[in-house]
Amino acid sequence: MNPALAKLLSNPAIWRGGDCAPEPASIASGFAELDAALPGGGWPRGALTELLLEREGIGELRLTFPALARLQHEGRSIVWIAPPYRPYAPALAAAGLDLARLIVVRGRCARDAIWAYEQALRSPECGAAFGWMATYEERALRRLQVAAREGRTWGVLWRRPGQRAGASAAPLRLALSPSQGRLAVRVVKRRGAELAQPILLDLARAPGAPLYPLPDGLPGARRGASPSAAVRGSRLAHRKAS
């Protein structure tokens with residue numbers, strides 16, 4: 001290659017279609033093989049990521065814990081909007097997360113959840129905002145993407161089994177499925193060339209915690225329940241699910 005052309009192409013502002021597009025900011029996922037496939041070398045700060053689940057309980061949250069712990073170490077909070085199950089607080093703490101910087105929001109309806117998610121994405125104090133809303137309305141998704149960019153927040157939209165749209169405003173979409181004791185991560189969409197094979201991750205390298213269903217009537221289910229009641233409820237949910 002001509003030296004002058006090579007020097008020109010080495011400019012980080014130039015993106016060649018066969019490579020990953022540069023990201024202005026990212027945070028390492030904690031898995032080197034995954035970071036190598038992600039534009040910017042990690043989860044994108046200031047953008048939406050869609051995670052499509054083949055089924056739940058395959059280690060999907062453990063995939064995110066190393067990055068969440070890093071964001072909290074920077075002094076930023078984590079917000080979860082409308083999670084389908086109650087987080088098991090002791091295991092989250094064991095995974096290295098600061099529960100004082102983890103905020104769980106449950107809206108009265110889908111519209112409230114989307115509104116709360118957008119506000120979290122725009123907040124400079126928020127490092128990551130996870131949402132479990134089944135919204136596919138293009139205008140809403142584009143608004144959420146803009147909010148993530150303006151707030152420089154890592155936004156994750158979780159798509160539960162059966163919740164899958166053909167197109168999305170999220171610049172990064174990954175499909176997660178179990179594979180022989182490991183987690184298979186297939187890149188559905190990224191700013192760069194396609195990957196023919198999924199990335200296989202050994203989640204045993206990262207501490208994690210499952211989510212357990214919230215049985216009706218647990219102490220933490222009532223509005224205004226104290227944090228200690230919520231922890232007791234989580235422990236009870238753990239015992240019932242075991």
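Predicted model: local features only at pLDDT ≥ 70, side-chain atom pairs only at ≥ 80, totals over all residues.
Let me begin at threonine 64, which, once its neighbours within four places in sequence are left aside, is in contact with Phe130, Trp154 and Trp158.

The secondary structure comes to seven helices and 12 strands, and of the 242 residues of the chain, 45% count as buried. The accessible surface of the chain comes to about 12200 Å², and 52% of that area belongs to carbon and sulfur atoms. If we take the contacts between residues at least 6 apart in sequence, 69% of them join residues at least 24 apart.

Eight strands form an open sheet, and reading across it the order is 6-4-7-8-3-9-10-11, with mixed pairing. Strand 6 and strand 11 are the edge strands, each of them pairing on one side only. On average, and with direction ignored, neighbouring strands of this sheet are turned by 20° against each other. As a reminder, the strands of a sheet pair through backbone hydrogen bonds, and they do so either parallel or antiparallel.

Since five of its five residues are buried, strand 4 is largely enclosed by the rest of the structure. Moving on from strand 7, four bridges join it to strand 8 in a parallel arrangement, where alanine 128 stands opposite tryptophan 154. Helix 6 lies across strand 3 and strand 8, and its direction is at about 125° to strand 3.

That brings me to the aromatic residues, where the structure holds seven aromatic pairs. For tryptophan 80 and tryptophan 132, the ring centres are 5.7 Å apart and the planes stand at 70°, which is over the 60 degrees required, so this pair is edge-to-face. This pair links distant parts of the chain, given that tryptophan 80 is in strand 4 while tryptophan 132 is in the loop between strand 7 and helix 6, 52 residues apart. Both tryptophan 80 and tryptophan 132 are buried. Phenylalanine 130 and tryptophan 158 form another edge-to-face pair, at 5.7 Å centre to centre and with 70° between the planes. Because phenylalanine 130 lies in strand 7 and tryptophan 158 in strand 8, residues 154-159, this pair ties together parts that are 28 residues apart in sequence. Phenylalanine 130 counts as buried at 0% relative accessibility, and tryptophan 158 counts as buried at 1%. Taken together, ring pairs link Trp43, Trp80, Phe130, Trp132, Trp154 and Trp158 into a cluster.

Which residues touch the most other members of the largest nonpolar core? Among its 36 residues, these are Trp43 and Phe130. At least two residues of this core come from each of strand 3, helix 3, strand 4, strand 7, strand 8, strand 9, strand 10 and strand 11, and the largest share, four residues, is supplied by helix 3. Apart from this core lies another one, of 19 residues, which includes Ala116, Leu144, Leu157 and Ala169.

To close, I return to phenylalanine 130, whose contacts, leaving aside neighbours within four places in sequence, are Leu61, Thr64, Leu68, Val79, Trp80, Ile81, Tyr117, Trp154, Val156 and Trp158.

Terms used. Residues numbered from 1 in each chain as written. Heavy atoms only, no water. Buried < 20%, exposed > 50% of the residue type's maximum accessible area, 1.4 Å probe, protein only. Phe/Tyr/Trp six-rings, centres within 6.5 Å; stacked < 30°, edge-to-face > 60°. Core = buried A, V, L, I, M, F, W, Y, C linked by side-chain atoms within 4.5 Å. Contact = heavy atoms within 4.5 Å. Areas by Shrake-Rupley, 256 points an atom, 1.4 Å probe, with all protein chains shown as cover. Pairing = 2+ DSSP bridges. Axes fitted to C-alpha atoms, helices over the stretch in contact; angles between N-to-C directions.
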